[in-house]
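Hi,

Here is the structure I promised to pass on. Have a look at it first, and my notes follow below.

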Amino acid sequence: MTSAEGAPATWHGILRQAFKDNDVRLVTYVPDNVLRPLIEGVHADPFFTAFTCAREEEAVGIVTGATMSGMRGVVLMQTSGFATLPNVLASLPVACQVPVVMVVSERGTLGEFNPGQAIVCRTMRPILDSMGIEHHTMSRLDEAAFMADRTIRQAFATRWPACLILSPLLTGGRK
């Protein structure tokens, strides 16, 4: 798999392109080492407006407001940050049918040393299921473009939140 320039495709390049293809211009995030190449690529590209948030709840609120005013956005976070979101998701984007797209770098699996990360990892998908939030785990580079594009497209078509979970099998995880 290669990019348009002939270089090997990367998961972060694929996600950036999926954002562009779906006119997702606003990128809010809480800093994360796994997401660093995606964050750096977004900041380097004038197509995007990107900035750091203090908390994941703040990022969801900003993207919800931007979406309600006609601008598409995405929230980037790691698994532990997701643990702060169930109330915010249920009371704002789910209740108001706002297509907030989340990208979560997965921790808590495949040799994780932190038990807190493991607990959140085990509960994240059931929480998303309980709110009817579509979620897909991206673990293979050859499927990444299709999954990212279709998940983002579905979120905006159905006016419902969606979540892309980035497996360490795709990203290489925390180093």
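Accessible areas here come from the Shrake-Rupley method with a 1.4 Å probe, and for residues only the protein chains shown count as cover. On that basis the chain exposes about 8000 Å² of accessible surface, with 54% of it belonging to carbon and sulfur atoms.

Two caveats before the rest. This is a predicted model, where local features need pLDDT of at least 70 and side-chain atom pairs count only at pLDDT 80 or more, while totals for chains, interfaces and linings use all residues. Residues are numbered from 1 along each chain as its sequence is written, and side-chain values use heavy atoms, leaving out hydrogens and water.

The overall fold: there are eight helices and six strands (DSSP runs numbered from the N terminus, H or I of at least four residues for helices, E of at least two for strands). Along the sequence they run α-β-α-β-α-β-α-α-β-α-β-α-β-α. The C-alpha trace spans about 45 × 40 × 25 Å along its principal axes.

Now the inside. Of the 175 residues, 50% are buried, meaning under 20% relative accessible area with a 1.4 Å probe, protein chains only.

Cheers
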